[in-house]
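This report describes selected features of one protein structure. Please consult the sequence and the coordinates shown here alongside the text.

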Amino acid sequence: MITSWIVAWGHLLALAIGFGAVWSRRTALVGTLDDAGIRRVLTADTWWGVAALVWVGTGLVRLMGDTDKVTDYYLENWMFWAKMASFLVIVLHEIRPAITFVGWRRALRAGQRPDTSRAARIATVSAIQAFLVIVMVALATAMARGWGAMP
């Protein structure tokens, strides 16, 4: 029983950290991109990645570990599939920022200034991702109440 609570707590905590991180990344990207600003972007991006790892890990345990509900509870619920679709859109939107920030980190290690020309576009992507996290939370809370169960 305590394991179930810890996994659920970790899953929700990861959502909160992830939302804060991706919104902080967006905010830093629209700010001044001097050395400190770039560090803020990359720090927020790191937290976004940490949150994603915890989020996925705890989500898989909840899905397959029968910690709260049996696996079929999720797989037979259209809100679960809508939540997974939202997650997939977040992941697909993350490809370009991830590649860009790897380049920024490499440039900084080489003592160079990163090319920040994509910052505004990535800020928009980050805002979309933050919105999708909110959508996922709405879907998850509805699903937890039994809404969306397929006959």
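I17 lies in helix α1. The model under discussion is predicted. I17 also belongs to a nonpolar surface patch of about 880 Å², together with I2, W5, I6, W9, L13, W47, V50 and V54.

Helix α1 spans residues 2-30, and both α1 and α2 contribute at least two residues each to this patch. The largest share, six residues, is supplied by α1.

## Packing of α2 against α4

Two packed helices are described by the angle between their axes and the distance between the axes. For helix α2 (residues 35-64) and helix α4 (residues 78-109), the axes approach within 11 Å and cross at roughly 145°. The crossing of this pair is left-handed.

On the α2 side, the contact is formed by I38, V41, L42, D45, T46, W48, W55, V56 and L63. Helix α4 contributes F80, F87, I90, E94, F101, W104, R105 and L108. Sorted by class, the residues in contact comprise 13 nonpolar, one polar and three charged.

## Salt bridges

Side chains of opposite charge can pair when their charged atoms come close. With a cut-off of 4 Å between a side-chain nitrogen of Lys or Arg and a carboxyl oxygen of Asp or Glu, the model contains four salt bridges.

One of these joins R25 and E94, whose closest N and O atoms are 2.9 Å apart. This pair connects distant parts of the chain, with R25 in helix α1 and E94 in helix α4, 69 residues apart. E94 is also among the α4 residues that make the contact with α2.

Methods
Residues are numbered from 1 along each chain as its sequence is written. This is a predicted model: local features need pLDDT of at least 70, side-chain atom pairs count only at pLDDT 80 or more; totals for chains, interfaces and linings use all residues. Side-chain values use heavy atoms; hydrogens and water are left out. Axes are lines fitted to C-alpha atoms, for helices over the stretch in contact, and angles run from 0 to 180 degrees between N-to-C directions. Helices (H or I, at least four residues) and strands (E, at least two) are DSSP runs, numbered from the N terminus. A crossing is left-handed if the near helix is turned anticlockwise from the far one by less than a right angle, and right-handed if clockwise. Contact means heavy atoms within 4.5 Å. Ala, Val, Leu, Ile, Met, Phe, Trp, Tyr, Cys and Pro count as nonpolar, Asp, Glu, Lys and Arg as charged, and the others, Gly among them, as polar. Patches are made of residues with over 30% relative accessible area and no salt bridge: like charges are joined within 9 Å, nonpolar side chains (Val, Leu, Ile, Met, Phe, Trp, Tyr) within 5 Å. Accessible areas come from the Shrake-Rupley method with a 1.4 Å probe; for residues, only the protein chains shown count as cover.
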